[in-house]
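Work through the exercises below with the sequence and the 3D view open. Try each task before reading its solution.

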Amino acid sequence: MSYWILVIDDDTANLKIANRILSAENMRVSCLKSGEEALHFLQQDGGRRTVLPDLILLDIRMPGLDGFQTIAALKENKDTAAIPVIFLTADEDAETELRGLSAGAMDFIKKPFIPEVLLLRVRNTVDLIRLQTDLSREVAKKTQEVQAHEEKLERMFFQIVAALSGAIDAKDEYTNGHSERVARYSREIAKRAGFSKEQQDTVFIMALLHDVGKIGIPDAILNKSSALTDEEYAVIKSHPLMGVEILEKIKDFPELLTGAKYHHERYDGLGYPDGIAGNAIPPEARIIAVADSYDAMTSRRRYRDTLSQDVVRREMEKGKGTQFDPVFTGIMIAMIDEDTEYTLKE
C-alpha cells in the first residue's frame, strides 16, 4: 500500500533526510520549504486538488507562516481539513505539544529524526486515518442498503465494529482484547439487570466502541512508561469527546456514542467530561463504567500484573455508590462471587 507524504520544513537538510528515509520505503514524498508554499501547493490552478497527501509532516518554527498558522489555515479549509498532520519539532516543552495537539496535530516527531520512529509514526497515523475513513464509507454504504440487506448489514456492522475496536486496542500493547472483554461483561450485566435482547446488543456495541476516541491520542502518550504530566493526562481525558466526534457521523445509530462519551462519568458526579451524576448518566454508560474498571483491574499493565480477585472485589465494593452505580456494581460483584476459578479476567 503506497503513501504520499508532504514534508514542510524551511531547513533543506531536514527535507533531504526525511525524503531519503521515507523514499527508501517506497513512499512518495513531496518537500516544501514554507507554509505559504504548502497552502499554494494544495490547490491546483486556484481550485481543489483532485488527490491530496495521506499525511503532512509540518515543521513548527518557520519564517513567514509558522507551523501553528499553517495548520490553522489547513483546518479552516474544508478541502484540506481532514489531512492528518504530524508536527516536526526540536522543542521538548509540554506547552508546545499541548498547543499543537489542541490545534489538531495527530502527533509529534522530534528532530533530529530517528529513522525507525519516523517510519513507525507515519505508518501508524496513515493506517488509522484510512481505517476510520473506510469505516465511515462502509457504514454509509451499508445503511443505504438496509431494507434489502438488513441481515447482511447487521453481520457486516458487527464485523467492522469488532475490527475497529481491535485496532483501537492495538494502539496499546497492554490493552489487547480490552474492548471485547468490556463488551462481554457489559452485555452480561445488562442481561442480569433485565435489559431486553435488543438493549443487550446495543450495550455490547457501545462497549466495543467505548474507547474509539483513543484513535486521536498520540501513541507517545498512550504507551508512555513513566507517569503522565498534567498536560498529557488532559490529552488522555479528551478521548471521550474525540469518540463523540467519530461516532456522531453514524446518523442511523445516534445512541452509539453514549458509551464513548460517558463511560468516565462517576456516580458521585466527580467524573468527566460533563461531571454529571447518578441517574443523569445513561444506564448503558453506567454499565460500561463498571465493566471497564473491572477489566482494567483484572488485566496486566506495564506497571503491574493482574490484581487478585479479592483485591478486585474489595475495590468494586469501595466504589459502589460513589464511583459506580450501586445496582450494576452489585451485579458485577455477584458475577465475581460466582467465578470461583477466576476465569473472568484477561
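**Exercise 1. Find how much of the chain is buried, then check its overall size.**

Step 1. Of the 346 residues of the protein chain, 47% are buried. Buried means under 20% relative accessible area, exposed means over 50%, and partly exposed lies in between (1.4 Å probe, protein chains only).

Step 2. Note the basis. This is a predicted model, in which local features need pLDDT of at least 70, side-chain atom pairs count only at pLDDT 80 or more, and totals for chains, interfaces and linings use all residues. Residues are numbered from 1 along each chain as its sequence is written, and side-chain values use heavy atoms, with hydrogens and water left out.

Step 3. Compare the radius of gyration with the globule rule. The radius is taken over C-alpha atoms, and the rule is 2.2 Å times the number of residues to the power 0.38. For 346 residues a compact globule would have a value near 20 Å; the protein chain has 22 Å, which agrees.

Step 4. Along the principal axes, the C-alpha atoms fill roughly 65 × 50 × 35 Å.

Step 5. Count the secondary structure. The protein chain has 15 helices and seven strands. Both are DSSP runs numbered from the N terminus: helices are H or I with at least four residues, strands are E with at least two.

**Exercise 2. Sort out the charged side chains.**

Step 1. Start with the total. The whole structure holds 19 salt bridges. Each needs a side-chain nitrogen of Lys or Arg within 4 Å of a carboxyl oxygen of Asp or Glu.

Step 2. Take glutamate 315 and lysine 318, which pair at 3.2 Å, N to O. They are three residues apart in helix H14 (residues 309-319), so about one helical turn separates them. Glutamate 315 is partly exposed at 31%, and lysine 318 is exposed at 60%.

Step 3. Move to arginine 300 and aspartate 305. Their closest N and O atoms are 3.5 Å apart. Arginine 300 is partly exposed at 45%; aspartate 305 is partly exposed at 48%.

Step 4. Find the network. Salt bridges link Asp9, Asp59 and Lys111.

Step 5. Finish with the negative patch on the surface: Asp93, Glu95, Asp230 and Glu231. Patch members have over 30% relative accessible area and no salt bridge, with like charges joined within 9 Å. Aspartate 93 is partly exposed at 33%. Its place is the loop between strand E6 (85-89) and helix H4 (94-103).

How values were computed: Patch = residues over 30% accessible without salt bridge, like charges linked within 9 Å, V, L, I, M, F, W, Y side chains within 5 Å. Areas by Shrake-Rupley, 256 points an atom, 1.4 Å probe, with all protein chains shown as cover. Lys, Arg positive; Asp, Glu negative; His and termini not counted. Charge placed at Lys NZ, Arg CZ, Asp CG, Glu CD.
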